[in-house]
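Subject: A structure for you to look at

Hi there,

Here is the structure I promised to pass on.

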Amino acid sequence: MDAMTDDSAITVRGLRKAYGGTAAVDGVDIEVRRGEVFALLGPNGAGKTTTVEILEGYRKRDDGAVRVLDKDPQHADADWRARIGIVLQNTGEFEELTVREVVSHFAHYYPAPDDPAKVVERVGLGEKRDAKAKTLSGGQQRRLDVALGIVGRPELLFLDEPTTGFDPQARREFWELVRDLAAAGTTILLTTHYLDEAEALANRVGVIARGRLLEVAPPSTLGGRNKAQATVHWMGADGPCEEPTDSPTEFVLALSRQYQGEIPELRISRPTLEDIYLKMIGEDVK
Amino acid sequence: MTAVTARFRPNPVRIGLLRGGLELRQFARGRESVIFSFMFPILLLVIFGAIFNFDIAPGVKFTQYFVTGMIAAAQLTNAFQTLAIQIPIERDRGVLKRLAGSPMPPSAYFIGKFIMVYVVGLISTALVLLIATLFFGLHLPTTGAKWLTLIWVTFLGVLACTLCGIAFSSIPREGKRAPAVVTPVALVLQFISGVFFVFTQLPKWMQQVAAIFPLKWMTQGMRSVFLPESFAQQEPAGSWELGKVALVLGAWVVIGLALCLLTFRWTARDDR
């Protein structure tokens, strides 16, 4: 065991997995540090789910080295399972049982569970604790899934597209919950389709496409985003104008002199995470 | 200096009991399934009792024969058919995947299913017996030995059917196709195993096929409990063959368990 493992929750080296001759994951390296929120981004069929399910111990890999909490997930035991939490995409099985019954039941699976009532409160289902699961809305159902994922007080939490189908308000609330968990020291591996979600939550994002990891970086510097050309937008005499530039400050000062003060509808933008991401996976397709 | 923490080993029996409680609660709150499970055998009993009201042997009415078959058939339906349909649906929905991702011991899931099926089977049996003794001239066993037979035949039969149901659950490719795959199997077994017809009146080859499967032996065990001793001569071997009943049901327990261990899948087929 090298010194690195003490600090890392997940280590993946040269991970490969093929289905019927087609590579779904084709040489992926990932390092997730303890206490980090790591987001895995990628289009459908990019190898995201396969990668995560190998880390969760659901699938076997063809090649590569994988350590999750210092164990090979292929040899998962109850000890290891008790230290991770998994929030899956599929839901909707508890129907006739109440929120409290389900969470209390799952608490019995773990050696040192959290207080179920507290967990229900924490995911924002306090008022729904005696409601049957089938009466919950999609967002509330998702919160129940999260409650089951965290009731065992996991060191590492897997969140697979956790806010799909949420309204904007519910998403913001969910983000607060994730930040809250991260602040308490839980390592989180998140997959998502929403780039604003990755930007809001993740310390680092990894972009995966066609089974390969294209880049790993903090959201603010992914794809050289911080150094990318800025664009200055304003309202000229003949309509909206825009000017891409490497020195927006100088350009705006010059423009300001031209207008003798205030520039109409001035706005300076840099590529969004979405622009960068689309460019990255677009380039990969070529 | 390092504290050695004890390895975490959740107790399968304790968690299995908790799961059984959870499954029963879920079952009891699904009103339609409760009514169907308990009323269907009674409904059949009433219909058959009204239509076939003749003697099949001195002092034995067909209704009495049919009641014993109905009790065994209800156990088959409850255990085998329910599980072989319910588990593929749970697999499709990701219920099993969620459990497999938790530290729950796998055997706890099976123990929970057995408890659910067993309790529902006991209630169903009690209801059928109640109706049959009140209206169809069935007599409850009077000796301790017969009650003991009732208990062990029921236990072994339900256990064998539970394990076979769990094993069979790996066959349907999708949950929604499960009823189409499972129902005919259960229905055919009922026709050839001495439920709707007197077993010895069936063609010989049909009897031989039925003798491979548990239901024939469950009905025979039930008849030994509820029909007069004299009826034993009407059985294929001229006796109740209780030793063979135990042997065949026990063999199915072993076969079912082996199939479960070898073939059970926690995730849907495309999740490799």
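Below is what turned up, taken region by region.

A word of caution before the details: this is a predicted model.

**A sheet of six strands in chain A**

Start with the open sheet of six strands in chain A, whose order is β5-β6-β7-β3-β8-β9 and whose pairing is mixed. Which strands stand at its edges? They are β5 (84-87) and β9 (212-217) of chain A, and each of them pairs on one side only. From one strand to the next, the twist averages 15°.

If you look at the β9 end, you will see strand β8 (residues 204-209) of chain A running antiparallel to β9(A), with five bridges joining the two. One pair to pick out is G206(A) and its bridge partner in β9(A), V216(A). A helix also packs on this sheet: α6 (residues 138-150) of chain A touches β5 and β6 (156-160) of chain A. The direction of α6(A) makes about 165° with that of β5(A).

**A sheet of three strands in chain A**

Chain A also has an open sheet of three strands, in the order β11-β10-β12, with antiparallel pairing. Here β11 (239-245) and β12 (267-269) of chain A are the edge strands; each has a single partner strand, so one side of each is left without a neighbour in the sheet. Neighbouring strands are turned by 20° against each other on average, direction ignored.

Strand β10 (residues 230-236) of chain A pairs with β12(A) in the antiparallel sense over three bridges. To find the place, look for V232(A), which stands opposite I268(A) in β12(A). Helix α9 (residues 248-259) of chain A lies across β10, β11 and β12 of chain A, and runs at about 15° to β10(A).

**An enclosed helix in chain A**

How many of the eight residues of helix α2 (residues 48-55) of chain A are buried? Seven are, so α2(A) is largely enclosed by the rest of the structure. The buried residues are K48(A), T49(A), T50(A), T51(A), E53(A), I54(A) and L55(A). What do they pack against? Their partners are the strands β1 (8-19), β2 (22-33), β3 (37-41), β4 (63-68), β7 (187-192) and β8 of chain A. After α2(A) comes G57(A), which has a positive phi, near 85°.

**Two packed helices in chain B**

Now turn to chain B. Two packed helices are described by the angle between their axes and the distance between the axes. For helix α3 (residues 62-93) and helix α7 (residues 178-192) of chain B, the angle is about 165° and the axes are 9 Å apart. That makes α3(B) roughly antiparallel to α7(B), and their crossing is right-handed.

On the α3(B) side, the residues that meet α7(B) include L76(B), F80(B) and I85(B). On the α7(B) side, V182(B), A186(B) and L189(B) are among them. By class, the residues of this contact are 12 nonpolar, four polar and no charged.

**Where the two chains meet**

Finally, 22 residues of chain A are in contact with 25 residues of chain B. On the chain A side, the elements that give two or more residues are α3 (78-81) and α4 (99-107) of chain A. The largest share, three residues, comes from α3(A). This side of chain A has 11 nonpolar, four polar and seven charged residues.

Enjoy exploring, and write back with any questions!

Best wishes

Definitions and conventions. Residues are numbered from 1 along each chain as its sequence is written. Chains are lettered from A and ligands numbered from 1 in the order in which they are written. This is a predicted model: local features need pLDDT of at least 70, side-chain atom pairs count only at pLDDT 80 or more; totals for chains, interfaces and linings use all residues. Two residues are in contact if their C-beta atoms, placed from the backbone, lie within 7 Å. Helices (H or I, at least four residues) and strands (E, at least two) are DSSP runs, numbered from the N terminus. Ala, Val, Leu, Ile, Met, Phe, Trp, Tyr, Cys and Pro count as nonpolar, Asp, Glu, Lys and Arg as charged, and the others, Gly among them, as polar. Two strands pair if DSSP finds at least two bridges between them. Axes are lines fitted to C-alpha atoms, for helices over the stretch in contact, and angles run from 0 to 180 degrees between N-to-C directions. Angles under 35 degrees count as roughly parallel, over 145 as roughly antiparallel, 65 to 115 as roughly perpendicular and the rest as oblique. A crossing is left-handed if the near helix is turned anticlockwise from the far one by less than a right angle, and right-handed if clockwise. A residue is buried if 20 or more other C-beta atoms lie within 10 Å of its own, exposed if 12 or fewer, and partly exposed in between; C-beta atoms are placed from the backbone.
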